[in-house]
Amino acid sequence: MFLKGRFYILMALSALVMAAGMLWQPLLGVGLAMLVALLVATVADIVLAYTTVRLKAWRTCPQRLSLGDENKVTLHFRNYSLTPLRLKVIDELPVQLQQRDFRLDVRMDAKDKRTMDYSLRPTSRGEYGFGNLLVYVSTPLQMAERRMRFDAPFTAKVYPSFVKLRRHMLTAAPDKNEVGQKRVRRAGNNTEFEQIKDYVQGDEYRTINWKASARRSHLMVNVYEDERSQQIFSLIDRGRLMQQAFGGLTLLDHAINASLVLSYVAVMKHDKAGLITFDYRMGSFVPASRQTGQIQRIMESLYKEKTSFGESDYSMLCPNVGRLVGRRSFMVLYTNFTDFGSMARQLPYLKLLNRRHRLLVVFFMDTELEEFISTPQKSVEDCYQHVIAEKMVYERRLIVNTLKQNGIYSLLTTPSNLSVDVVNKYMEMKSRNLLV
């Protein structure tokens, strides 16, 4: 039980009136009467809060939260008492949010029920533990409030942004008439079955389906089509350079969200999606597939990925990719080159990867540098800082040109546009038959 501010204000007012009674005698009696009335009202309020208040509160929250997106949490309240109530609600939020001033004020009529929504934006993956609901209840007298604790412990898992998947469903919708692509049918030469049809002169005898022929009483043959599906691997660098943060998320988080969207689009476009993570050692590996549940397997693998404090070892990556991925594939490498020198050290290994597979190197613009360059120069020191910033931006564009000269595709983009730009690049290269 806690006394409210109104009690202390009225108590101070009664004391002032009684003090004034030292100067004018009638005010002393008025002050004593006010004090007695205040004490009676307070005792009545406390009794009322403990004897008549019947309240129920609970929380509903998704078991899976989307990283970097707004996730709705709903609080439910049910007032079974005959008096209106005022509630001050404190939800014990996960420690990862570092939000210690959360509070909701709710007014409820007698026999009323109410719901209140609020949103959470998690900025790191992992398990988020919610605590209890603390509700401070006060009656219309507003002299005291009763604290009620409702057990509501709950653990939600924060996954890579699956909200972005819904935004890209239209992009990922399979289109049988994709521009620049043609389904080539050759009976018997491939492994991807399409249909059964009547035998005509010229069909190969080895494609005859004897069971179907027996049912139809005439020859039927299996028709196959050229296998169009290609392996799309997301290679995610977990090195220290991916710890840089933009918009509350690290570059690793942005890369994970983009790789999940790309995998979903690839599967919907009849390609096989896979995953490889690495730093100075190999991390997760999900073989390329387009079977049901592949996106969920990739999401579970990305769920607890974290950056390391070491530099990524591309010399280790190349032989391991060769060991794990035997077929020529489309590799999308998410990394971060801060300057031309850091890229030049890895260029021989990038060329080796590109020789065995089709490689697309995705790295990031520094949006803060771009914004700083656009600011006016007010001093000599500002001039030096602008020159350094422009040099860093220039080196990123030089990296793009150098990779292009070595036959390696690249994509320089901002973290906020990463998912859209990667999907668009994939669609462009697929339409031009450049994935392998």
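**Close-up views of a predicted model**

**View 1. S217 sits in the loop between helix 5 (210–216) and strand 13 (220–225).** Helices (H or I, at least four residues) and strands (E, at least two) are DSSP runs, numbered from the N terminus. This is a predicted model, where local features need pLDDT of at least 70, side-chain atom pairs count only at pLDDT 80 or more, and totals for chains, interfaces and linings use all residues. Residues are numbered from 1 along each chain as its sequence is written, and side-chain values use heavy atoms, with hydrogens and water left out. Most residues other than glycine have a negative phi. S217, not a glycine, has a positive phi of about 65 degrees. S217 is also exposed, with a relative accessible area of 68% (buried means under 20%, exposed over 50%, partly exposed in between, with a 1.4 Å probe and protein chains only).

**View 2. K111 has a positive phi too, of about 55 degrees, although it is not a glycine.** Look for K111 in the loop between strand 6 (104–108) and strand 7 (113–120).

**View 3. The largest cavity holds about 60 Å³ of space.** A cavity is a set of points, on a 1 Å grid over the protein atoms alone, where a 1.4 Å probe fits but cannot get out; lining residues have an atom within 4 Å of a point. Grid points are joined across faces, edges and corners, and a volume is the space filled by probe spheres set on the points. The lining is made up of M365, D366, L369, E370, V393, R396, R397 and L412. Helix 11 gives the most to this lining, with three residues.

Technical notes
1 Å grid on protein atoms, 1.4 Å probe; cavity = no way out; pocket = protein on both sides within 12 Å on 5 of 7 lines; lining within 4 Å.
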